[in-house]
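I am opening a notebook on a structure that is new to me, and I want to write down what I look up as I go. The entries follow the order in which I turned to each part.

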Amino acid sequence: MSRANPGVAGSTGRAGSTGRADIAVELQGITKRFGDLVANDHVDFDVRRGEVHALLGENGAGKTTLMRILYGLTAPDEGEIRIDGRPVTVRSPKDAIAAGIGIVTQHFSLVRPMTVAENLALGRTGGFRLDLERTRRQVAGASERFGIRVDPAAIVGELSIGEQQRVEILKALARDCRVLILDEPTAVLVPQEVEALFMTLRRLVADGLAVVFISHKLGEVRAISDRVSVLRRGAMVGTVPGSTDERELARMMVGRPTFGVARSEPTGGEAEVLLRVSGLRAAGRHGLPALHDVTFEIRRGEILGVAGVSGNGQTELVEVLSGMRHPAAGSITVDGTELAGATPTAMMAAGVGRIPEDRHASLVADLSVADNLVLERLDDFTTRTGLDERRIREHATMLIERFDIRARPEDRVTTLSGGNIQKVLLARVLSRQPKVIVVAQPTRGLDIGATEYVRGELLARRAAGAAVLLVSEDLDELLALADRLIVLYEGRIVGEIPAADADPERLGILMSGRGRAA
Ligand SMILES: Nc1ncnc2c1ncn2[C@@H]1O[C@H](COP(=O)(O)OP(=O)(O)O)[C@@H](O)[C@H]1O
Ligand SMILES: [Mg+2]
């Protein structure tokens, strides 16, 4: 890989005119294949000192792979990495750290029972010595310089996700990193934490650091980046200024113009209540109370959004409403019929359609698309002599067409992309015209095209008079689709806001449990 003489390459790299001299890291012609799949296809990318350079792309575009190569976690098939103009071979994270590269991913590498200071002392390259005093001074210094506020004496496991992320950033800085890679850092944060992270990043680049900011969210990329490079299906589409407008960025990302989903006018407050939940209580995974006195109603033609940081009762709520979890107390009525404690089949028969968070668990991966589409209603497709294969196939052909599923009836579900798997699930649930739809994280992991499709279908159901409970960790999604929002915190509803009055800041306060008095 390092074919050039390092010394020579180094001198030409540095002697360069303005711009090139500022390049901290350069990736050239990087190719990475996984079997037939080309995750990175001759990708060129560089990041300069003093800039935030966003790496934008849809899910699966190859962003993480490219950065794993830079950090020595994955070996490229082709291509070259240059640091400060010199070709280098990065065989392991140790090589990368020594070369001044740091990474913060969504999966933190911290030791949870230890304090912040202990974690930082451990992370330092100098070895294992717990130089706590020095670390404390360092935390204080970083807090002052970059606004990264963390208590060095705090136990990591007791910190919020946002605080743990700050510790990861400090850890990279403590190792003298000069290039900081953040892989989808905002995915785990509430809006206020995103703002704090951005302030920190601005101060880091003002101090000369080079930052690679990975995201698939256009708004935040525009808010923080000096330059944006767009990856699509493994290939670099181009690099543009951070001020490039969202439509153009979206077009680069998906390869065609995109259109937002249009929400029709609300159907009005006087429509009948289709789902009424009152005093609902349920235990969670470890028998601990997960829902406390949850009460709300959803009218015909209304989408009620459920906001909250994950793990605050959303999963349990969805499970109870679809009969998968037994409530400890409370009432659930669907169009007037009491259903608390009913089985999933009874819930379905009463008109509840469930599109769960774990879409894979709801489908049988080894069965065909056609079989999966009738899985919940085999009785309807059974004659005296057994399953009516011809009708199952016709049914599938009709739904494939109607829901724009890119597959054949006989294809096994395991061969489908995430977007098509979600469409199969939507087709199965929505084709039964449920009165009440309970849906969780409907677009997580999907590309823009599939996301728009799924959101459009939910809005179409709403327009057709269904009551929809939408659980999502994506605030933009909630704000785009919901008529009204409730916020769950530690299993309780801590706020209810009409979507028109909801803004990310207000939601963020409620989601962090600080808005209860308001
Ligand atoms: N270890 C691996 N083995 C096989 N395929 C992989 C592996 N890592 C990533 N991929 C595939 O490479 C493509 C790019 O993935 P990734 O770099 O994670 O994308 P992004 O971070 O942009 O979402 C995806 O299709 C992914 O499934
Ligand atoms: Mg990724």
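Predicted model: local features only at pLDDT ≥ 70, side-chain atom pairs only at ≥ 80, totals over all residues.

**Entry 1: around the ligand.** I began with the shell around ligand 1, where helix α2 gives the largest share, 3 residues; helices (H or I, at least four residues) and strands (E, at least two) are DSSP runs, numbered from the N terminus. The shell is made up of Phe-34, Leu-37, Ala-39, Gly-57, Asn-59, Gly-60, Ala-61, Gly-62, Lys-63, Thr-64 and Thr-65, where a residue counts as near if its C-beta atom, placed from the backbone, lies within 6 Å of the molecule. The elements that give two or more residues to this shell are β2 (37–48) and α2 (63–70). Sorted by type, I find 4 nonpolar, 6 polar and 1 charged residue in the shell, with Ala, Val, Leu, Ile, Met, Phe, Trp, Tyr, Cys and Pro taken as nonpolar, Asp, Glu, Lys and Arg as charged, and the others, Gly among them, as polar.

Entry 2: Residues are numbered from 1 along each chain as its sequence is written, and chains are lettered from A and ligands numbered from 1 in the order in which they are written. The protein chain averages a pLDDT of 87, and 91% of the residues score at least 70; pLDDT is the predictor's confidence in each residue, from 0 to 100. Confidence is lowest in helix α1 (residues 6–15), at a mean of 35, and highest in strand β20 (residues 467–471), at 98. Over residues 1–18 the pLDDT is below 50, and this stretch has 24 contacts in the model beyond near neighbours in sequence; a contact means that two C-beta atoms, placed from the backbone, lie within 7 Å.

**Entry 3: the cores.** Which residues have the most contacts inside the largest nonpolar core? I list Val-424, Val-436, Val-439, Val-468, Leu-469, Leu-470 and Val-487, in a core of 76 residues. Helix α14 (residues 418–430) gives the most to this core, with 7 residues. Apart from it lies another core, of 71 residues, including Ala-61, Val-88, Val-104 and Leu-231. By a nonpolar core I mean a set of buried Ala, Val, Leu, Ile, Met, Phe, Trp, Tyr and Cys residues joined through C-beta atoms within 7 Å; buried means that 20 or more other C-beta atoms lie within 10 Å of a residue's own, exposed that 12 or fewer do, and partly exposed is in between, with C-beta atoms placed from the backbone. Leaving out residues up to four places away in sequence, Val-424 touches Leu-363, Val-369, Asn-372, Leu-373, Ile-405 and Val-413.

**Entry 4: one side of a helix.** In helix α9 (residues 246–254), I find Leu-249, Ala-250, Met-252 and Met-253 buried. They lie on the same side of α9 because they cover an arc of only 160 degrees around the axis, the arc being that of the directions from the helix axis to the C-beta atoms. The buried residues of α9 pack against β3 (52–56), α8 (218–224), β9 (227–232), β10 (235–241) and α15 (448–463). Just after α9, Gly-255 takes a positive phi of about 85 degrees.

Entry 5: Gly-102 and Lys-171 are 69 residues apart in sequence and 8.6 Å apart in space, C-alpha to C-alpha.

**Entry 6: positive phi in strands.** His-42, in strand β2, has a phi near 50 degrees, a positive value in a residue other than glycine. Asp-293, in strand β12 (residues 289–299), has a phi near 45 degrees, again positive in a residue other than glycine.
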